Amino acid sequence: MHAEMLVLQFSRKVVDQPIIYRLVKDFNLEFNLLKAAINPQQEGVIVMELRGHPQDFRRGLKFLRDAGVQVKRVAGEVRRNDELCYQCGACTAVCPTGALYIERPAMSVAFAAERCSACELCCPVCPARAMEVKLNRNAI
Amino acid sequence: MGNYQVNKTYQEINEKIKKGQAVVVTAEEIIDLVRRKGEAEAARTVDVVTTGTFSPMCSSGAILNFGHSKPPIKASRAWLNNVPAYAGLAAVDVYLGATEPATDDPLNKVYPGEFKYGGGHVIQDLVAGKTVHLVAESYGTDCYPNKKLEKDLTLKDFLNAVLFNPRNCYQNYNCAVNLSNRTIYTYMGPLRPRAGNANFCTAGQLSPLFNDPYYRTIGIGTRIFLGGGVGYVCFPGTQHNPGKLRGENGVPLSPAGTLMVLGDLKKMSPRFLVGASLLGYGCSLAVGLGIPIPMLNEEMAHFCAVTDEQLLAPIIDYGHDYPAATGRVLGHVSYAQLKTGKMELDGQEIPTVPLSSLVRAREVAQILKEWITQGQFLLGEPVDLLPGSDEIHCVPTASRDS
Ligand code: SF4
Ligand code: SF4
């Protein structure tokens, strides 16, 4: 599952087309609308969170751009849901920055958020799916 | 068996437990005790040693009886939250396997598949008290005319719910590397090419069958900690193979013994039954399991004092040897080494990665210790021992054991 915050700018030409509907229906993506300012037959801006399978996400993004929508991506962040994490250590195999590491001798798994690059490599590797993509709302 | 200095019976230990006088330590705590006091003195002082493990155990599942509807149905096909359950049993009994993915899962069509939701997740949702949606279909009979049933249930609505795991608690397991040139996605986690990482999956010195290598006390009828509740060893697990080559300390050098276990699912907890999604491989269930080992004599103290330095995992190449079933073993590495975070293979330093949670395994052993100390949990004396308890084989076999 991939999720990103997007800022979409619509020109007059595309503002009346069912773009979001197509994203959901044709690309199997879910969205969460955070801000929308659209005037029919004029320009519009939408801020939304879009999530789905990474491949669908890429195709959806391409569809938006091909349709003439200007897409700006807002950086996300990866956080650990400590309720879900069962402290195995599987994620440490893929974390390139050392944000996820094992504390010895306890063999507990620590997450240093400040070292995380939000590459999302750990997300699908975690058997408990405890590494979650969150949106960095300050970046909007 | 030989003459021991210490001779205790299950009955004596259980009497002490009932009076709240039993001395219980974990399999990690006993190590130091034996070192300081010796085996006989440790066996005299301690009554029970508790072990624990927590990791994905694919051969797990639940027997569920969802009760009769009006009009009744003889379910021939069934789904729980869209995950197929095996309905080839009596009218309203189904078996839900942990690795069964939801019907609409894309599997490995988009490689590596994410396997977000499957039988293991349904089991976790059930023990967490969540509502699950049941769909059952039938061809209809004179006595069971109903052809389709749909209803929402929580765990307490089931007439019976039994966690029944045909193979859990492997005695030793492979340390997995990948000598091929591409990343592979296995039940041992993602393995990077050219031995980029080495993954291992046991709790080492805390793991149940490492502490009773010849199954002297763990047998049919042994009462255990299972999924946060109480369970039982009901048979040797599938693929139980006591005949694997053993080290001098009696511990097998490759996956050997296994246990078939069951217990009342209704009393278990989502902390110790966790649905797992193994990237590119499938769904599973992480199971918390702990076994008490009675200190019947100093030999049991000797076995329980085993340390990570003395426990060796076979290193297996999952890039070629495992899928081709060659049986080749690249070497052995101790759990002490694996827990340091790196090991050496052919002069190359490799990061080692645990898949089993030692933190939660310790929690299991600790909880079991408290149950016994507080007199809530008595030892079950095996009605029969497992194959391998009375003999020592030394027959090397291939290492394909998942
Ligand atoms: S997102 Fe990337 S950097 Fe952050 S913890 Fe996960 S693997 Fe490490
Ligand atoms: S893989 Fe997931 S469950 Fe395991 S330690 Fe990492 S975040 Fe926690």
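Me: What makes up the order of elements in chain A, from the N terminus on?
Reply: In this predicted model, the elements of chain A run β-α-β-β-α-β-β-β-β-α-β. That order holds three helices and eight strands. A run counts as a helix with at least four residues and as a strand with at least two.

Me: Where are the domains of chain A, and how do you know how far apart their centres are?
Reply: The domain assignment gives domain 1 as residues 2-73 and domain 2 as residues 76-135 of chain A. Taken over C-alpha atoms, the centres of domain 1 and domain 2 are separated by 30 Å. The C-alpha trace of chain A spans about 65 × 30 × 25 Å along its principal axes.

Me: How many of the residues of chain A count as buried?
Reply: Of its 140 residues, 46% count as buried. Among contacts in chain A with a separation of 6 or more, 66% are between residues 24 or more positions apart.

Me: Which residues surround ligand 2, and what classes are in its shell?
Reply: The surrounding residues include A:Arg80, A:Cys85, A:Tyr86, A:Cys88, A:Cys91 and A:Cys126. A:Val109, A:Pro127 and A:Met131 are also among them. A residue belongs here because one of its heavy atoms lies within 4 Å of the molecule. The shell has nine nonpolar, two polar and one charged residues. Cys counts as nonpolar and Arg as charged, so A:Cys85 is placed with the nonpolar residues and A:Arg80 with the charged. The space taken by ligand 2 is the largest cavity.

Me: What surrounds ligand 1, and which cavity is its space?
Reply: Ligand 1 has 13 residues around it, and the closest are A:Cys95, A:Cys116, A:Cys119, A:Glu120 and A:Cys122. Its shell has 10 nonpolar, two polar and one charged residues. Its space is the second largest cavity.

Me: Why is B:Asn211 called buried?
Reply: Buried means under 20% relative accessible area. B:Asn211 has 0% relative accessibility, so B:Asn211 counts as buried. This residue lies in the loop between strand S14 (198-200) and strand S15 (219-220) of chain B. Leaving out residues up to four places away in sequence, B:Asn211 touches, among others, B:Ala27, B:Thr51, B:Ile293, B:Met300 and B:Phe303.

Me: What does B:Thr131 touch, not counting residues up to four places away in sequence?
Reply: B:Thr131 touches B:Asn81, B:Asp152, B:Leu153 and B:Thr154. Each of these counts as a contact because heavy atoms lie within 4.5 Å. B:Thr131 is found in the loop between helix H4 (119-127) and strand S8 (132-137) of chain B.

Me: Which residues of helix H2 of chain B are buried, and what do they pack against?
Reply: In H2 (residues 29-37), B:Ile30, B:Ile31, B:Leu33 and B:Val34 are buried. The buried residues of H2 pack against strand S1 (24-26), helix H3 (39-45), strand S2 (48-50) and helix H5 (298-304) of chain B. After H2 comes B:Gly38, with a positive phi near 90°.

Key: Residues are numbered from 1 along each chain as its sequence is written. Chains are lettered from A and ligands numbered from 1 in the order in which they are written. This is a predicted model: local features need pLDDT of at least 70, side-chain atom pairs count only at pLDDT 80 or more; totals for chains, interfaces and linings use all residues. Side-chain values use heavy atoms; hydrogens and water are left out. Domain bounds come from an automatic or database domain assignment. On a 1 Å grid over the protein atoms alone, a cavity is a set of points where a 1.4 Å probe fits but cannot get out, and a pocket is an open set with protein on both sides within 12 Å along at least five of seven lines; lining residues have an atom within 4 Å of a point. A molecule sits in a cavity or pocket if more than half of its atoms lie within 2 Å of its grid points. Buried means under 20% relative accessible area, exposed over 50%, partly exposed in between (1.4 Å probe, protein chains only).
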